[in-house]
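Please keep the sequence and the structure in view while reading.

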Amino acid sequence: MAEVIELPHGVPPEWAELIAEAERRGHLEFHGSRICYKCAKSHEENFSDPEEKVRAGVFAWLILVKGYSPAAIKLEVNVPRRTPSDYADIVVYTDDSCRTPYLVVETKRVDVSKSDFRQAIEQAFGNANSLRDTKLALVDCGSRSALYAVAGYPPEERHQNLLGTRDDLPKEYDDISRFAIIAGDPEHDIRPLSAADTENLVRRAHAVIWAGGKRDPLTAFDEWSKLLFAKIHDERHTPNGQPRRFQVGRNEEDKIVGERIRALYADAQRKNPSIFSEDLKLPDDKVAQVVRIIQCIAFTQMDVDSLGAAFESFFGSIFRGELGQYFTRREIVRFVCALLEPSDRDKVLDPTAGSGGFLLETLIQVWHYIEQAYAGQPDLERRKYDFAKDCLFGIEIHEKLGRICQTNLMLHKDGHTNVEVDRSCLDLKFRNPYLDPEKPIFTLVVGNPPFGDTVRKGDRDHLGDNELVLRQGSSAG
């Protein structure tokens, strides 16, 4: 039988053993190049077809590994209400009577393209939804698989109901794991996305909070920053093998999600008390909606260029549109920073930091400089980290904008602790000793100050402990 069972490259090698064992137990029969499945209704196909080898492996695996009864399995099940007529490759029913579908399986050959795999997902959902009451759908091409929950989700949902791979299928109808995202798991952990996909999800999440104007723009953006703050903390501090806290579990109530995210946010506050002092103010349903949207993104695993591209357009539209703030275009920021040629030997200050655009661009350019100047040296990553932590400084008078700047810098590895918030650059006294005007340490000053602002004598908001001294011959405003 070993000569017959030749599986394509990419199909799990243990499937050949499972197919052979399924034959020994009478679940499969081979007649030359033909394979016969002995299940609720016997079915015969051409085993030389590469896709059939995958289906045979899944069939044997369902019975021998996952413990499903062959009497509760049918192949090539006619799917009603599908035009043209369609057939589900494998259907597992809830019992041997084969009345209620439990799992619909769509199999494809191992070398299927990405677009054809996506099409197979749509086919599996179409079959599962048409068969009614189906709980799960599995798409499998041997080298790749995707398991989805069907029941309880809108027919078009393809993200929040992704449960993992074939390995996450429960044995003998057991409950599915409550949490799908597991830290450090190569199949089930978060992943970096493209800049375009990241921007799209970030926009969706912020739109949920803003709710078309129900919350004022700055409050909405502040609440968004708090959730991002909690998300980054979860990415950095969840041990391998543990479910990530920033996710929505299967059939989990919004209240439970909200309580867990608030506790996560409180942990992040304790770890970084310099950023947020206020509690998370969003209701539980909004928290759960945002978590569902961005839980799959690995922000801290994205390179700084992709992060910059993802957030540039988002920040620009939010600041210009909803917040009414001028947001310096990235092309100008990049040009100014490149003109200054910053290196890891510089101490950089933005006295009107805003959301941190100039500081972030400086960080990116210095990191590129370090990668070129110190290529191959063992402490290259340490140099990049030290520059982010010790060499970037900012001052921002607007408290919420300052927190956004801090969160933005933390998202891009670090530097957030050096941003002085709720303080004007005209002040004389700062909490951060490095900002003391009597002890200048800065070699570069970058930024786009608010030209046209009027500062009058005694303006404590702008002057702080400083005084406006008029030159001889000028008049007080």
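## Valine 257 and its surroundings

Leaving aside residues up to four places away in sequence, valine 257 touches Val248, Glu252 and Ala288, where contact means heavy atoms within 4.5 Å. The model is predicted, so local features need pLDDT of at least 70 and side-chain atom pairs count only at pLDDT 80 or more, while totals for chains, interfaces and linings use all residues. Residues are numbered from 1 along each chain as its sequence is written, and side-chain values use heavy atoms, with hydrogens and water left out.

Valine 257 belongs to helix α6 (residues 254-271). Helices (H or I, at least four residues) and strands (E, at least two) are DSSP runs, numbered from the N terminus. With a relative accessible area of 0%, valine 257 is buried; the term buried means under 20% relative accessible area, exposed means over 50%, and partly exposed lies in between (1.4 Å probe, protein chains only). The C-alpha atoms of valine 257 and phenylalanine 246 are separated by 8.6 Å, and these residues are eleven places apart along the chain.

## The chain as a whole

The protein chain has 13 helices and 13 strands. Of its 477 residues, 49% are buried. Among contacts between residues at least 6 apart in sequence, 64% join residues at least 24 apart.

## Two residues with positive phi

Most residues other than glycine have a negative phi. Cysteine 98, although not a glycine, has a positive phi of about 55°. Cysteine 98 is found in the loop between β5 (86-93) and β6 (101-107), and it counts as buried at 11% relative accessibility. Tyrosine 173 is not a glycine either, and its phi is positive at about 70°. Tyrosine 173 lies in the loop between β9 and α4 and counts as partly exposed because its relative accessibility is 30%.

## Salt bridges

Side chains of opposite charge can pair when their charged atoms come close. A salt bridge is a side-chain nitrogen of Lys or Arg within 4 Å of a carboxyl oxygen of Asp or Glu. A search of the whole structure finds 28 salt bridges, and the table lists examples.

| Residue pair | N to O distance |
|---|---|
| Arginine 25 and glutamate 21 | 2.8 Å |
| Glutamate 235 and lysine 231 | 2.6 Å |
| Glutamate 371 and lysine 384 | 2.9 Å |

Glutamate 371 lies in helix α10 (residues 357-373) and lysine 384 in helix α11 (residues 380-390), so this pair ties together parts that are 13 residues apart in sequence. Glutamate 371 is partly exposed at 35% relative accessibility, whereas lysine 384 is buried at 9%.

Glutamate 235 and lysine 231 are four residues apart in helix α5 (residues 217-237), which means that about one helical turn separates them. Both glutamate 235 and lysine 231 are buried.

Arginine 25 is exposed, with a relative accessible area of 53%, and glutamate 21 is partly exposed, with a relative accessible area of 24%. Elsewhere, a network of salt bridges links Glu45, Glu52, Arg55, Glu76 and Asp89.
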